[in-house]
Amino acid sequence: MSLQAEFERVADDVKKVKSRPSDQELLDMYGLYKQAIFGDINIDKPGMLDMKGKAKWEAWDSRKGKIKRFCLLSEWKKEIASTLALHPLPLFQSLEHSYPVMNI
């Protein structure tokens, strides 16, 4: 399986976890995902009344300067592996997939 296909599979599985990850876990995954897909943040910071938009912007901005794609995909997999360990997939999916922390 290509690294890109694996990345997309893991990103899809995050949406299927049994319990909801914490807000901070979601923001960490969001920042990594956006950096891996789009690179450095390219939008203006939302206004102070848009708390959710501001938190997401800051999560993505905190990853600024990281190398896009392959180096970041490794970091994404490690982050997802630890999150899925805390918020497992339903049993039928967890038997199908395993998420070892891997160095690429």
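Biologist: What should I keep in mind about the model before we start?
Modeller: It is predicted, so local features need pLDDT of at least 70 and side-chain atom pairs count only at pLDDT 80 or more, while totals for chains, interfaces and linings use all residues. Residues are numbered from 1 along each chain as its sequence is written, and side-chain values use heavy atoms, with hydrogens and water left out.

Biologist: Which residues make up the largest nonpolar core?
Modeller: Six residues do: Val10, Val14, Val17, Met29, Ile80 and Leu84. A nonpolar core here is a set of buried Ala, Val, Leu, Ile, Met, Phe, Trp, Tyr and Cys residues joined through side-chain atoms within 4.5 Å, where buried means under 20% relative accessible area, exposed over 50% and partly exposed in between, with a 1.4 Å probe and protein chains only.

Biologist: And which helices supply at least two residues of this core?
Modeller: α1 (3–14) and α4 (70–86) each do; helices (H or I, at least four residues) are DSSP runs, numbered from the N terminus.

Biologist: Switching to Ile41, is it buried or exposed?
Modeller: Ile41 is buried, at a relative accessible area of 14%, and its place is in the loop between α2 (23–38) and α3 (51–61).

Biologist: What is Ile41 in contact with, leaving aside its neighbours within four places in sequence?
Modeller: Taking contact as heavy atoms within 4.5 Å, Ile41 touches Gln35, Trp57, Trp60, Asp61 and Lys64.

Biologist: How many aromatic pairs does a search of the whole structure find?
Modeller: The search finds one, and pairing requires that ring centres of Phe, Tyr and Trp (its six-membered ring) lie within 6.5 Å, with planes under 30 degrees apart counted as stacked, over 60 as edge-to-face and the rest as tilted. Phe38 and Trp60 have ring centres 6.1 Å apart and planes at 50 degrees, so the pair is tilted.

Biologist: What does that pair tie together?
Modeller: Phe38 lies in helix α2 and Trp60 in helix α3, so the pair ties together parts that are 22 residues apart in sequence. Phe38 is partly exposed, with a relative accessible area of 44%, whereas Trp60 counts as buried at 3%.

Biologist: Last topic: which element gives the largest share of the lining of the largest pocket?
Modeller: That is α2, with five residues. The largest pocket is lined by 17 residues, and Val14, Lys15, Leu26, Met29 and Tyr30 lie nearest its centre. A pocket is an open set of points on a 1 Å grid over the protein atoms alone, where a 1.4 Å probe fits, with protein on both sides within 12 Å along at least five of seven lines, and lining residues have an atom within 4 Å of a point.
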